[in-house]
Amino acid sequence: MDLNKRYTAQSWPDHPETATMEGKNKFVGFWLLLAAETVTFATLFATYLALKDRGPSGMEYTAAGLFELPLVFAMTMILLTSSLTSVYAMHHMKNHNFKAMQAWLGITVLLGLTFLGFEFYEFYHYVNDGFGFTQSAFSSSFFVLVGTHGAHVIFGLSWFIALMLRNAKRGLNMYNAPKFYLASLYWHFIDVVWVFIFTAVYLMGVVG
């Protein structure tokens, strides 16, 4: 199969992401990557839960007194909405509507950048209040867990932007369709991890 063949909406396969052997192989590598990522985050979650509220005697900050749920809830809604917009993008990819796919991916990127802006503000606010990375075991485990997720958000956004720019003039074909689809799946993984962070770190930290 010619990976760079020009397709129309009528000749485009129903599942272009797995229509070629190369696409299927990409999926195998992707699931192996997610398995490793899951182990990494599971370790960071376990470390955070073990060190939550742990620090020197008389430590000023605890989860209940530190985290602000309204801000984190807004961040969560933004990230979940970005997951929905990436679904719309993949819907248009499967219908061979390249312009609509690019538009929805652009919205996804903007939402992801908004989320990052709020996260940077949150970190800046905590550090300014004295809750820095080296303040306690609790603060170190918090910044490593949430910061690692933030780094994954940056990677996911970079992946989207690189695909959009690289293929802006090429359109959709059997070579790049799996790449767009896997980038979208990776974004969903990032969103799922954030739901766990919201629950285990912020919600359980504030309400117990």
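Which residues form one aromatic cluster? Tyr48, Phe67, Phe115, Phe123, Tyr126, Phe131, Phe138, Phe142, Phe143, Trp194 and Tyr202 do. The model is predicted, with local features needing pLDDT of at least 70 and side-chain atom pairs counting only at pLDDT 80 or more, whereas totals for chains, interfaces and linings use all residues. Residues are numbered from 1 along each chain as its sequence is written, and side-chain values use heavy atoms, with hydrogens and water left out.

A search of the whole structure finds 25 aromatic pairs, a pair being rings of Phe, Tyr or Trp (its six-membered ring) with centres within 6.5 Å, stacked if the planes are under 30 degrees apart, edge-to-face if over 60 and tilted otherwise. Two of them are set out here.

| Pair | Centre to centre | Angle between planes | Class |
|---|---|---|---|
| Phe27 and Tyr181 | 5.8 Å | 35° | tilted |
| Tyr126 and Phe142 | 5.8 Å | 70° | edge-to-face |

Because Tyr126 lies in helix α4 and Phe142 in helix α5, their pair ties together parts that are 16 residues apart in sequence; helices here are DSSP runs (H or I, at least four residues), numbered from the N terminus. Both Tyr126 and Phe142 are buried, that is, under 20% relative accessible area with a 1.4 Å probe and protein chains only.

Phe142 also touches Tyr48, Phe67 and Val201, among others, when residues up to four places away in sequence are not counted, contact meaning heavy atoms within 4.5 Å. Tyr48 is one of the buried residues of α1, and these pack against α2, α5 and α6.

Conventions: Buried means under 20% relative accessible area, exposed over 50%, partly exposed in between (1.4 Å probe, protein chains only). Helices (H or I, at least four residues) and strands (E, at least two) are DSSP runs, numbered from the N terminus.
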